[in-house]
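Visitor: Please show me the model. Then take me through it with questions and answers.

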There are 2 protein chains.
Amino acid sequence: VPTLREVGELEAIRRLTAAWGEPAAARDTDPAGVRIGPGDDAAVLCPSPGCDLVATTDAFVENRHYLAEWFTPRELGARLAAACVSDIAAMGARPRWALHSLGVRPDHDVDALVELQRGIEVFVAGDGAVIVGGNIVAAGGLEWMSLTLLGEAGAGRAWTRSGARPGDWVAVTGWPGRAGAGLRLARSSGDEARRPGWQPLLDAWIRPQSRVSLARSLAATDAVHAAIDVSDGFAGDLMHLCKASGVGAELEAESLADPLLETAARTLGTSAEHLVFGPSDDYELVLAVDPAGREACEQVARDARIRLTFVGRFSGERAELVRRTPDGARQAFVMGGWDHFSAER
Amino acid sequence: VPTLREVGELEAIRRLTAAWGEPAAARDTDPAGVRIGPGDDAAVLCPSPGCDLVATTDAFVENRHYLAEWFTPRELGARLAAACVSDIAAMGARPRWALHSLGVRPDHDVDALVELQRGIEVFVAGDGAVIVGGNIVAAGGLEWMSLTLLGEAGAGRAWTRSGARPGDWVAVTGWPGRAGAGLRLARSSGDEARRPGWQPLLDAWIRPQSRVSLARSLAATDAVHAAIDVSDGFAGDLMHLCKASGVGAELEAESLADPLLETAARTLGTSAEHLVFGPSDDYELVLAVDPAGREACEQVARDARIRLTFVGRFSGERAELVRRTPDGARQAFVMGGWDHFSAER
């Protein structure tokens with residue numbers, strides 16, 4: 001197994017760039033909008049006329065954001081890509097160009113690094129995007145990987161966190177909380193977490209899906225007033241959106257009942273509600289939906305075969321998160337997301 | 001001194017984003033081309049019509065790419081920015097938008113982190129660019145910082161490494177080798193390196209300058225066929241350009257004689273030539289200049305008060321680097337740049 005130290009930096013870069021195919025320089029402008037690909041001082045890209053550029057960056061640190069033994073290098077790359085793609089989806093935009101920055105130990109297997117990059121490449125390719133640049137350096141201590149993803153949206157059309165209005169529906173895609181539950185099971189149960197019954201939780205954690213295609217179809221309905229992705233946890237991210245919009249939210253907590261999380265909660269010694277609303281990076285979308293557009297959004301989700309749950313309503317009570325129980329009682333909701341500097345995950 | 005662990009991730013992000021001023025969201029489109037600034041899932045930017053987008057990323061690791069005790073946090077941020085700005089300059093482009101990704105220890109002083117970001121901000125502002133996003137995570141081991149910089153060039157007008165032709169002049173800005181010499185002095189002489197005589201070497205290492213304005217003026221002459229920046233070392237980076245262009249180069253080594261590097265070479269127990277051509281990240285520009293345009297380029301450099309030295313000519317001998325001595329002899333040149341995975345700096 002050749003390591004980075006053995007092959008050297010230039011050869012590693014050569015293998016990484018060779019792995020993502022011919023430089024696009026020969027063609028005037030290829031369909032991916034790449035005029036000059038990796039291998040020069042910078043990539044040269046062709047933005048689409050009439051579009052805004054959307055840019056985000058995210059980073060993972062070994063043991064903090066992932067447990068290496070649970071991921072193949074390709075899955076790891078894909079998950080990092082998923083984190084950035086999710087930010088682009090939350091703007092109602094489409095991803096186009098990615099640049100990675102990797103801090104790896106000198107004894108890192110070069111082939112594994114190529115596989116990790118392939119994971120990024122294949123994931124972003126699912127939405128039509130390509131890797132156009134990158135950087136590798138020798139890390140000291142825990143390995144890390146950072147990705148910057150550029151996307152496009154119609155000029156002035158990108159979703160924000162700040163457009164939710166009182167009366168809008170709070171909607172969320174997928175099964176929030178499952179990724180965090182998968183992680184907690186892996187941490188606490190080891191190989192027990194691999195039994196088939198937990199597979200959907202492990203999948204949510206290890207192999208999150210892109211919501212770009214759904215987001216683009218939802219954007220076309222004009223019914224979405226605001227959006228955020230679930231990267232910290234459903235309640236925490238919803239609160240970010242509420243604060244940015246100057247609204248609150250009132251949720252029917254039972255609308256997100258998840259039998260699998262109820263089982264997992266018993267194994268983990270916690271409550272299903274904590275799993276649904278607490279720390280979890282599901283890369284699902286939380287949306288503020290115009291009441292008049294709810295049906296159109298439901299139709300879009302049905303067509304895409306993606307679960308879209310209407311969980312409650314935004315309210316005029318600034319930054320107040322309230323849950324309504326089946327008997328009609330209103331309870332304040334306090335539940336945070338991750339804090340990588342202070343808290344244990 | 002409040003640390004990241006004490007204030008928590010959200011508060012640290014709040015201070016970092018507050019430090020770079022009002023979100024641009026309120027304005028429709030501000031002069032910096034920022035429709036939505038930091039604080040949403042992604043930044044939304046307004047590319048200039050008729051321009052290509054130019055994108056690069058670079059990263060520094062503590063002790064590997066910088067010696068923390070020689071830099072204020074602001075100088076460190078500026079130097080990371082300089083590395084990326086240099087890539088954009090080497091494309092003949094102008095920087096516009098930056099996104100950082102920082103891996104810092106939980107006991108990192110929050111104010112120092114704000115200063116580091118300020119260093120990035122002030123440096124890129126010198127060329128009209130702004131920070132539009134970022135990410136901070138807890139590093140395990142050595143700290144690291146990554147920056148992605150986006151710029152713009154006229155459509156199809158960006159310089160590449162591959163346009164040099166036999167007969168073109170090899171030109172270089174500034175005093176190549178001084179940054180590497182400054183680093184070596186700091187490593188070997190400690191505080192002795194701070195004596196006033198070495199100041200230009202320490203400045204080259206600690207406070208590299210932007211070459212964007214010069215590059216833009218040079219680009220306007222239409223005389224530059226190819227370019228690369230000196231991030232590894234003059235000979236090594238020139239060789240990258242030669243390989244990409246399918247040419248060689250023949251240099252008058254004496255044209256880069258640098259009295260200060262001759263003195264430094266004696267102190268360091270090496271040769272001045274090794275310092276000029278060997279490992280050094282000067283963030284200067286190496287250019288292939290059309291012979292007919294040499295005078296125009298010299299005039300541009302004089303107006304900018306930046307040294308531009310014509311060091312020799314590109315040749316048809318593919319990837320062969322040759323030095324010509326004053327007595328006319330031709331000698332092969334073998335000198336590498338950094339290799340962060342194999343070599344000691």
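Guide: A term to begin with: helices (H or I, at least four residues) and strands (E, at least two) are DSSP runs, numbered from the N terminus. The model is predicted: local features need pLDDT of at least 70, side-chain atom pairs count only at pLDDT 80 or more, and totals for chains, interfaces and linings use all residues. Residues are numbered from 1 along each chain as its sequence is written, chains are lettered from A and ligands numbered from 1 in the order in which they are written, and side-chain values use heavy atoms, with hydrogens and water left out.

Visitor: In which loop of chain B is Tyr283(B) placed?

Guide: Phi of Tyr283(B) is near 55°, a positive value in a residue other than glycine. Tyr283(B) counts as buried at 4% relative accessibility. Buried means under 20% relative accessible area, exposed over 50%, partly exposed in between (1.4 Å probe, protein chains only). Its place is the loop between α10 (272-277) and β10 (285-289).

Visitor: Is Tyr283(A) buried or exposed?

Guide: Tyr283(A) lies in the loop between α10 (272-277) and β10 (285-289) of chain A. Its phi is near 55°, positive in a residue other than glycine. With a relative accessible area of 4%, Tyr283(A) is buried.

Visitor: Is Arg305(B) buried or exposed?

Guide: Arg305(B) sits in the loop between α11 (294-304) and β11 (308-315) of chain B. Its C-alpha is 9.4 Å from that of Leu214(B), 91 residues apart along the chain. At 78% relative accessibility, Arg305(B) counts as exposed.

Visitor: How are the two copies related?

Guide: Copies are superposed by least squares on the C-alpha atoms of residues with pLDDT of at least 70 in both. A rotation of 180° with 0.0 Å of shift along its axis brings chain B onto chain A, at RMSD 0.0 Å. The relation is thus as by a two-fold rotation axis.

Visitor: In chain B, which C-alpha is nearest the axis?

Guide: The distance from the axis is 2.1 Å. The C-alpha belongs to Gly141(B).

Visitor: What radius of gyration does chain A have?

Guide: Chain A has 11 helices and 13 strands. The radius of gyration is taken over C-alpha atoms; the globule rule is 2.2 Å times the number of residues to the power 0.38. That rule gives 20 Å for 345 residues, and chain A is close to it, so chain A is as compact as a globular protein of that length. Its radius of gyration is 21 Å.
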